Amino acid sequence: MTTLTSPLPADVPAARVDARRPAGRARRHWRGAGERPSPVATAVLLLGALYCLLPVVWVVVASTKSGAELFASFTFAPSTHLADNVADLSAYRDGLFWRWMVNTALYAGVGAILSTLVSAMAGYGLAKYTFAGKNAVFNVLLAGVLVPAVVLAIPQYLLLAELDLTNTYWSVLLPSIISPYGIYLARIYAAAAVPDEVVEAARTDGASETRTFFQVAVPMLVPGLVTVFLFQFVAIWNNFMLPYIMLGDDKLFPITVGLSGLLNQGASQPAMYTLVITGALLSILPLVALFFVLQRFWQVDLAAGAVKS
Amino acid sequence: MRLTTGTRIAALAAATALLASACSGGGDDAGSDDGGSAAGPVELTFWTWTPNMEKVVDLWNSEHPDITVTVNKQDGGDPAITKLLTAIKAGSGAPDIMQAEYQKIPQLVSSDALADLAGSLGDDVAGQFTDGVWDAVTLGSDAVYAVPQDSGPMQFYYRADIFEKLGIDVPTTWDEYADAARKVHEADPKAYLGTFSANDAGWFSGITQQAGASWYGIDGDAWSVDIDSEATTKVAEYWGGLVEEGVIDNKPMYTPEWNAGLNDGTQVGWLSAIWAPGVLAGNAADTAGKWEMAPMPQWDADAPATGAWGGSATAVTSQSEHPEQAAEFITWLNTDPEAVQALVDETGIYPADVPASTEALTDPPEFFSNQPDFYEVAAQTAQTVQPFTYGPNINVAYSAYNDEFAKATKAKTADAFVDAVDAMQQITLDDLKNQGFNVSE
């Protein structure tokens, strides 16, 4: 599973800390001009990088091997069958793999957009309004952050079964929309990035609450919301348990569940390792692309944190 | 800042609208469960993990426009059953038709997951199958819970080229098997005649079945657990001894490491079942023509016996609204000569239907084209499958096997193997009682 580590320190703490410290650029300069990084730390980091990258290299190399070579040839010796493997994978049950890709994009894309919207609204609401039970709601949310989504999959299945919604796109989309962590992030970010004065100014000018939110608050929240979006997108993209339990029709499967099915064919069938490895490689490409595209928003975010005082 | 009443109402309305649209939208997308009973064809869903099953089902659909079957391919075996049981408990979401391995049928029946087909099947269906297989779908009662699809009689698969090179004769008894294992390992310390897999409880129950074990018993309306029988203990002691000696590997099957062993010739033999050619072809395609199949080594050479590993039946679930039509389909699928031929050609299974399979299985599997009498030998072994009773918590017995034998194969002593069998017995028996079954001891 891919985990996000970089974006978190970028948004909120930076915004707070920077108020008391020199601006980001100056700090970076200070660090660069100081003593050279210690060789031990560099070695440890290099080892860490190797540890993270080696499995990726393995996937890339293994996806170029034919089924026979996979277990027979040297682990890191690449071969020439990548195109064959992709063709085999595309031919599997009339291109079902690509349908899984589209499904995953749908679950992750739509789910993350809706989840970001809900998180932004809820986070903004919790940060900028006073209402009875606000702290209770926020505490429940905090508790929700601590509960792993896996634990909720079965209760969610039973609830959706009551509504006859299992084995539909909705059964995976609906539970993905609420993300306690997303709401938590959005609240913290809204509290830090949207000054009360701006909201009040908008009201004084006669903007409705809805308009204040969408036209005044949301633009200020964008860097934080990109983070929430990415978090949710990756979480849904990698989610296995929820769609695994919810879905019976393999035309609705996301990549994760579909590929696991190719491995778990029962004792009397060979596992389709080559197809699964090639499929795994293809399935991370969109994530890699997304990270490259959205990287610049984090840079924007850093700058925003630096200027604010 | 306080919320105005207007804002609250707006928020509430928005939330309601979202939920309402979600529900109605779901209705449009669902579409699979509500096979219209009044007009139009009956629509049935079929959960199976057999590859290419949809091609066989297409045959049915083209000939039966009034009953349309849709295949939903599932993960093999256990996960599909777990999912089915969850859907049964939830009250919706189960398919009409379900592939079920024989060992899972008691568990499914005790969870009320399967419909009784006794009234829906033709009288001639039972006669198509061997008694042992038919007992597995009736559990010895008057009810019929499924129609058998394929069976998995066990045989011994070995690398004929390596046997020849080392001058080893094909073992016919377990003593000879042990000697052969020693020779193989002496000739090449990295090579093993086989491995004792702590991951494959179905494999272990198969080899104990050959020795005469039956892990459960039915006494009237009570279940009994008989895992620690003399036969099972004998088998565990034998394999524990070989692992202790170091001449049999202790690594699980179906791992990349095991696949590598099949490819490079360090796994020289495999005690497997009739579907082994498909697995070998998939995992070690380059070794085609080097393997041969023989009956299992025997405990008593005068009374040839074997066990079964795998094999499944097709059942109708208790949530199906069209059990009659579903029964019609599964009868066709598993007994119609055209369908059985398609099962053999497309899915590569070994059909349970005796007359139809004799008809359909003539040429050896492609991977075993060097052994023209492949299916003759197979048919002989199929007749020697020993009776075996599975119980309603076989899943617990199997997971106890995985846990206990994982420890035993690590410990590598014959004593640890015997202890593992005792622990399995205790865990399974306790669970059966805790679940509230009537248990006799």
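How many of the seven residues of β2(B) are buried? In this predicted model, the count is five, so β2(B) is mostly covered. Its neighbour in the pairing is β1(B), and the two strands run in the parallel sense, joined over seven bridges. One of the paired positions is B:Val42, whose bridge partner in β2(B) is B:Ile67.

Where they meet, 17 residues of domain 1 of chain B are in contact with 21 residues of domain 2 of chain B. On the domain 1 side of this contact, α4 (105-110) and β9 of chain B each supply at least two residues. The largest share of that side comes from α4(B), with three residues. By class, the domain 1 side that touches domain 2 of chain B holds seven nonpolar, nine polar and one charged.

Chain A is built on another plan, with 15 helices and zero strands. Of its 309 residues, 38% are buried. Among contacts in chain A with a separation of 6 or more, 76% are between residues 24 or more positions apart. An unreviewed UniProt entry places the feature "transmembrane region" at residues 40-61, 105-124, 136-158, 170-192, 213-237 and 271-294 of chain A. How does the model look over two of these spans? Residues 40-61 of chain A are 100% helix and 0% strand, with the end C-alpha atoms 30 Å apart. Residues 105-124 of chain A are likewise 100% helix and 0% strand, and here the end C-alpha atoms lie 27 Å apart. The unreviewed entry in UniProt also lists "domain: ABC transmembrane type-1" for residues 101-294 of chain A. Over that stretch, chain A is 79% helix and 0% strand, and the end C-alpha atoms are 20 Å apart.

The domain assignment of chain A gives domain 1 (7-36 + 85-307) and domain 2 (37-80). Each of them puts eight residues into the contact between the two. On the domain 1 side, helix α15 (residues 273-307) of chain A gives the most, with six residues. That side of domain 1 of chain A has four nonpolar, three polar and one charged residues.

Finally, the two chains meet each other. Here 45 residues of chain B are in contact with 35 residues of chain A. On the chain B side, α1 (5-30), β2 (67-73), α3 (78-90), α10 (256-264), α11 (276-283) and β9 (308-316) each supply at least two residues. The largest share, seven residues, comes from α1(B). The chain B residues that touch chain A divide into 18 nonpolar, 19 polar and eight charged. Two of the elements at this surface have come up already: β2(B) as the mostly covered strand, and β9 of chain B as a contributor to the contact between the domains of chain B.

Technical notes: Residues numbered from 1 in each chain as written. Chains lettered and ligands numbered in written order. Predicted model: local features only at pLDDT ≥ 70, side-chain atom pairs only at ≥ 80, totals over all residues. Contact = placed C-beta atoms within 7 Å. Helix = DSSP H or I, 4+ residues; strand = E, 2+ residues; numbered from the N terminus. Nonpolar A, V, L, I, M, F, W, Y, C, P; charged D, E, K, R; others polar. UniProt positions renumbered as here; feature names shortened; annotations may be inferred. Buried ≥ 20, exposed ≤ 12 C-beta atoms within 10 Å, placed from the backbone. Domains from an automatic or database assignment. Pairing = 2+ DSSP bridges.
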